[in-house]
Amino acid sequence: MGSEITSLTEDFIPTRYSLLSRLQNWGDEASWKDFFDTYWRLIYSVARRAGLTETEAQEVVQETVISVAKSIHRFRRDPKSGSFKGWLRNLTRWRIADQLRKRTRLPGYEDLTGGGRLPEPDEIPDTPDESAGARWEEEWQANLLQAAIDRVRQQVKEEQFQMFDLQVLREWPVERIAETLGVSAARVYLAKHRVTSMIKKEVRTLQKKWDQI
Amino acid sequence: MGPNLTFPAGEDPPPPIPEHELLGLIGTGSSGHVWLAKNALGAFRAVKIVRENSFNYGGAFDREWQGVLKFEPISRSHDGLVDILQVGGSKEAGYFYYVMELADDIISGQVVIQGRYLPRTLSRDIERRGRLPIGECVRTGAAIASALSFLHRHDLLHCDVKPSNIIFVNGFPKLADAGLVSEVFKPGARVGTEGFIAPEGSGTPEADVYSLGKVLYEISTGKDRNEYPELPPDLGETAEDRDVVQFNKIVLRSCRANPRQRFRSAEDLLTALVSFQFCQHQLRKAKAWRYSARLLAWCGLVVALVASVLMVWRVVWLLTHGK
């Protein structure tokens, strides 16, 4: 579903920023879960693109979330920290670098790398062909959309989500969906409209919640 | 990947299990290890050993111990529950164990080849085969719904229904892992496995129905529970695919976020599955009958046409030959 999501990103993502606040209360379990649900895929995906294994990437996700928890207060107090988006990118890259360093301690590492030098954080290949910032931005937007879809998935009636999924993400003709699911074409159109609106709203809510600090 | 004949590094060796010889490690969970064992009569068994020090807090050990004690007496009274044959150990000893019937091997079934045994679970079936035929989903769902209904009638909850806790014994699906079995109806608790836990939390019969609904979703679509309610990517227009869509209605009703909109009990889910199977069977029978009737009608028409042609030809022949 990744390519469909990427192609839909522009439709769903409005360009505006708002405040991140809930992350600061780390005693609130719901905030942890909310943050994790929203960003784990982004961090994981970047880690995998950097050449880490599944297990290593999972560890990067955990370590990055812990880093966020530890330093979110400091980040908020320091006006030089920049945007949350850029700060999270740096934390992710540092944790990826940590994982790469760990490899050097494994027996046989020299054989695997041919005795090569370990890449520095700035050299982590999160994009081989574009600028690192643009690539991160693309991942960021795609992740936000996916997080919004996942939230809406929990909110709408399952049948409506299935109609949306078949029509928008799999591009089935309306007539085929109506025949397969045994519903009228009008219901299919209505489901698409409703779910799409909810996803747009959810993207705006997510941005409001996390994107500005 | 067969049994590991040594115990995990950094851990104490397994305690002796009376009248059983431990042959190798075949499974590791959050609460303990499962060993392949042979009893005094030479029959293969599975032995789960649970140690108090493997839990983060003491209450979890007690909870699992109580779960097994409640599950053991009724486990052998229903075909859909894995049989617990022996229980031992104590809190004072810091461990307990229970001996269970052994799941089929993933390849050789009940024939156990030491060193190559791998238990057949529903999750391994999905891994190997992708989405399962709907007939198989219905049979598996009915067996587990019946087992859950039996547990609920005894005021017990399973609280951890998921594909890796459904094993096959002689090809028959059974609900395993009594670790979270509880008689305490404590709505809102989040015990179990994320993705299979109902939105309102576990601790009620409706929550067990929800978990089974997610199992049915995974086996009928081949997709992960977190992708619910997406339909299979390869959904086409075959008779099997039409069955998937129909079966999906049962899945959706089992997994409603609002428990009031779900099947009211495992018994109701079982009834829906049996009705589905019956209706599909009747539909197929009716379709087959209609097909046969149409074929017969066409055959009759062809015979009538041939007879008419022959009759006309005979009349013409008689007239032309002047008889």
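Let me start with Val303 of chain B, which has its place in helix α6(B), residues 266-320, where helices (H or I, at least four residues) and strands (E, at least two) are DSSP runs numbered from the N terminus. Val303(B) is exposed because its relative accessible area is 57%, and the scale here is that buried means under 20% relative accessible area, exposed over 50%, and partly exposed in between, with a 1.4 Å probe and protein chains only. Val303(B) and Ala257(B) are separated by 46 residues in sequence, and from C-alpha to C-alpha they lie 60 Å apart in space.

Before I go on, please keep in mind that this is a predicted model, in which local features need pLDDT of at least 70 and side-chain atom pairs count only at pLDDT 80 or more, while totals for chains, interfaces and linings use all residues. Residues are numbered from 1 along each chain as its sequence is written, chains are lettered from A and ligands numbered from 1 in the order in which they are written, and side-chain values use heavy atoms, with hydrogens and water left out.

Staying with chain B, let us look at strand β5(B), residues 95-101, which is mostly covered, since seven of its seven residues are buried. Which strands pair with it, if pairing requires that DSSP finds at least two bridges between two strands? Strand β3(B), residues 44-51, pairs with β5(B) in the antiparallel sense over seven bridges, and within this pairing Arg45(B) has Glu101(B) as its bridge partner. Strand β4(B), residues 84-90, is also antiparallel to β5(B), over six bridges, and here Gln86(B) is partnered by Val99(B). The strands β4(B) and β5(B) form a hairpin with four residues between them, and Gly94(B), in the turn, has a positive phi of about 85°.

Now to chain A, which has nine helices and zero strands. Of its 213 residues, 48% count as buried. If we take the contacts in chain A with a separation of 6 or more, where contact means heavy atoms within 4.5 Å, then 76% of them are between residues 24 or more positions apart.

One residue to look at is Glu202(A), in helix α9(A), residues 185-211. Is Glu202(A) buried or exposed? Glu202(A) counts as buried, because its relative accessibility is 12%. Leaving aside residues up to four places away in sequence, Glu202(A) touches Ala148(A), Arg151(A), Val152(A) and Gln155(A).

Finally, the interface, where 14 residues of chain A are in contact with 17 residues of chain B. The size of an interface is often given as the accessible area lost when the parts come together. Chain A and chain B bury about 1,400 Å² between them, with 49% of it on carbon and sulfur atoms; this buried area is the accessible area (1.4 Å probe) that the two parts lose on being put together, summed over both.

How many salt bridges does the rule find across this interface? There are four, a salt bridge being a side-chain nitrogen of Lys or Arg within 4 Å of a carboxyl oxygen of Asp or Glu. The side chains of Glu159(A) and Arg256(B), for example, meet in a salt bridge at 2.8 Å, N to O. On the side of chain A that touches chain B, α7(A), residues 158-169, and α8(A), residues 174-181, each supply at least two residues, and the largest share, six residues, comes from α7(A).

How values were computed
Two strands pair if DSSP finds at least two bridges between them.
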